[in-house]
Amino acid sequence: MSFISVFDVLGPIMIGPSSSHTAGTAQIAFLAQKMIGGAVKEVEFTLYGSFARTYRGHGTDRALLGGIMGFSTDDTRICDSYRIADERGIAYSFKIDEEDTDIYPNTVDIAMTGAGGRKMTVRGESLGGGKVRIVRINQVEVDFTGEYSAVIVIHRDRPGVAAHITKCLSDSNVNIAFMRLFREAKGHTAYTIVESDDRLPADIAGKIQENACVSDVMIVQR
């Protein structure tokens, strides 16, 4: 027998009419801006499936803009996200893709440029009830939900890197809930994603980056 929480029935605390089209998209964008590690100055949202058809009526556009500015799903500023984005000088655009039908219906691609010039593309899926899944980072297929604090390590696919990452976490008393490795191909760029029950130490990124094979470390705190 399976059990569900009352929160699964009622859905998330949120601004907007839809847990999938509003709360979910705000959460996807919120996670995306956490990964880029700073203010987003330019962003393009590509909307697929039902998002492409109903994004204005369901407030998906406002939710995405709010999330990319770091607003949580219950932040009333989401209602004014266009105005706030304009005031902050954020360049934004929405692109509709109705041609690619072989894709999960509630999907958005977020192409970001940070204040320091860093570029990143994140694909997210809204699963319903405010739950989401990040399924692609910079064209590499991944899978994590953002329900835990996470460290995302971009590195060359070489022996010993995973051991280095886990040792850094163990030395910092971080309890690992899940750990997964995703890669373009053997020996090429890989993404190791480690999710933890606890908040991650502020210095963990620097420790992990001491390995010569590591090119970047992103921290997503809950």
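This is a predicted model: local features need pLDDT of at least 70, side-chain atom pairs count only at pLDDT 80 or more; totals for chains, interfaces and linings use all residues.
Reader: Okay, and how much of the protein is buried?

Author: "Buried" means under 20% relative accessible area, "exposed" means over 50%, and "partly exposed" is in between (1.4 Å probe, protein chains only). Here, buried residues make up 49% of the 222 residues.

Reader: How do I read a pair of aromatic rings?

Author: You describe it by the distance of the centres and the angle of the planes. Rings of Phe, Tyr and Trp (its six-membered ring) pair if their centres lie within 6.5 Å; planes under 30 degrees apart are stacked, over 60 edge-to-face, and the rest tilted. That rule gives five aromatic pairs here. Take Y82 and Y92: they sit 5.6 Å centre to centre with 70° between the planes, which is edge-to-face.

Reader: Where in the chain do Y82 and Y92 sit?

Author: Y82 is in helix α5 (residues 81–87) and Y92 is in strand β2 (residues 91–97), 10 residues apart. Helices (H or I, at least four residues) and strands (E, at least two) are DSSP runs, numbered from the N terminus.

Reader: Why is the pair of Y92 and F94 called edge-to-face?

Author: Their ring centres are 6.5 Å apart and their planes are at 65°, so the pair gets that label. Y92 counts as partly exposed because its relative accessibility is 23%, while F94, at 19%, counts as buried. Together, F45, Y82, Y92 and F94 form one aromatic cluster.

Reader: And in what order do the strands of the open sheet come?

Author: Two strands pair if DSSP finds at least two bridges between them. The six strands run β2-β1-β3-β4-β5-β6, with mixed pairing. β2 and β6 (140–144) are at the edges with a single partner strand each, so one side of each has no neighbour in the sheet.

Reader: How many bridges join β1 to β3?

Author: Seven bridges link β1 (residues 40–48) and β3 (residues 107–114), and these strands run antiparallel. In β3, V108 stands opposite L47.

How values were computed
Residues are numbered from 1 along each chain as its sequence is written. Side-chain values use heavy atoms; hydrogens and water are left out.
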